[in-house]
Amino acid sequence: MTSNANTGRPSGRRGVGVSGPSSSLWLRLLRLSTLAASAATVATCVVAAVLNGGTGALSAAFGSALVMVFFAISLLIGHFVGRNNPSGAVGLFVATYFVKVIGFAVVLFLTGAPEWLHHRWFLIGAVVCVVFWQAAEIYGFSKARLQIYNDSADQEGKPDATA
C-alpha cells in the first residue's frame, strides 16, 4: 500500500533524535519529589506559624520530615538495587515498605510524642507532604523515558534472527 500524502513540515519544532544513556530515574524522582514536598512544607509551616505560632510550624515541619525520610529510603533503594537488578527492585520495595512501617511505628511508640508537638499541624504537615511528594513522583514517572527493548548498539541495523 502506498501513501499519496505529501511531505510537509515536521509536527514539532525540532527533529526527533536519539537519546543517550539517562541518569538514574530514582535520583531524579528523589530530587523532584523533595523539591515539591519542601515547597509545600514551607507554605504549610507559614500558615501554621500564623495560626498557632512556632509550635504549629515546627510540628508541621516534623510531620513533613518524617514523610520525606520514609519515601526517600524507597527511592534510594531503587537507585542502588535497580542498577544491578531492576526486576529485584520491586520485591525489595515491598519488603522495605513493611520494614519502614514497622520501624517508624516502633520509633514513634517508644519515643512518644514530644511535649511541644501540636498534633493537628503534625498531621496536616504529613498529609500535605504525602500529597505533594506523590504528585511529583507521578509527574516524574510520566516524563521518564524508560527503555523497553534491550537493543544493543552492535545489533542495530541487523535483521532479527528469530524473524
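User: A crossing is left-handed if the near helix is turned anticlockwise from the far one by less than a right angle, and right-handed if clockwise. Which hand does the crossing of α1 and α2 have?

Analyst: This is a predicted model. Helix α1 covers residues 25-84, and helix α2 covers residues 86-111. By the clockwise rule, their crossing is right-handed.

User: At what angle do α1 and α2 pack, and how far apart are their axes?

Analyst: Two packed helices are described by the angle between their axes and the distance between the axes. For α1 and α2 the angle is about 145°. Their axes are apart by 9 Å.

User: How do the residues of the contact of α1 with α2 divide into nonpolar, polar and charged?

Analyst: On the α1 side, the contact includes W26, L66, F70 and I77. The division is 15 nonpolar, six polar and one charged.

User: Which residues does I77 contact beyond its neighbours within four places in sequence?

Analyst: I77 sits in helix α1. Its C-alpha atom is separated by 8.5 Å from that of T96, 19 residues apart along the chain. Contact here means heavy atoms within 4.5 Å. On that basis the partners of I77 are G82, L92 and T96.

User: Why is the pair of F70 and Y97 given a class, and which class is it?

Analyst: The whole structure holds nine aromatic pairs. F70 lies in helix α1 and Y97 in helix α2, so this pair ties together parts 27 residues apart in sequence. The ring centres are 5.9 Å apart and the planes stand at 80°, so the pair is edge-to-face.

User: Which element gives the largest share of the lining of the second largest pocket?

Analyst: This pocket holds about 210 Å³ of space. Its lining includes G63, F70, F104 and F122. Two or more residues each come from α1, α2 and α3 (119-143). The largest share is four residues, from α1.

User: How many residues of that lining are nonpolar, polar and charged?

Analyst: L66, V67, L108 and A126 are among the lining residues. The count for the lining is eight nonpolar, one polar and no charged.

Technical notes
Residues are numbered from 1 along each chain as its sequence is written. This is a predicted model: local features need pLDDT of at least 70, side-chain atom pairs count only at pLDDT 80 or more; totals for chains, interfaces and linings use all residues. Side-chain values use heavy atoms; hydrogens and water are left out. Axes are lines fitted to C-alpha atoms, for helices over the stretch in contact, and angles run from 0 to 180 degrees between N-to-C directions. Ala, Val, Leu, Ile, Met, Phe, Trp, Tyr, Cys and Pro count as nonpolar, Asp, Glu, Lys and Arg as charged, and the others, Gly among them, as polar. On a 1 Å grid over the protein atoms alone, a cavity is a set of points where a 1.4 Å probe fits but cannot get out, and a pocket is an open set with protein on both sides within 12 Å along at least five of seven lines; lining residues have an atom within 4 Å of a point. Grid points are joined across faces, edges and corners, and a volume is the space filled by probe spheres set on the points. Rings of Phe, Tyr and Trp (its six-membered ring) pair if their centres lie within 6.5 Å; planes under 30 degrees apart count as stacked, over 60 as edge-to-face and the rest as tilted.
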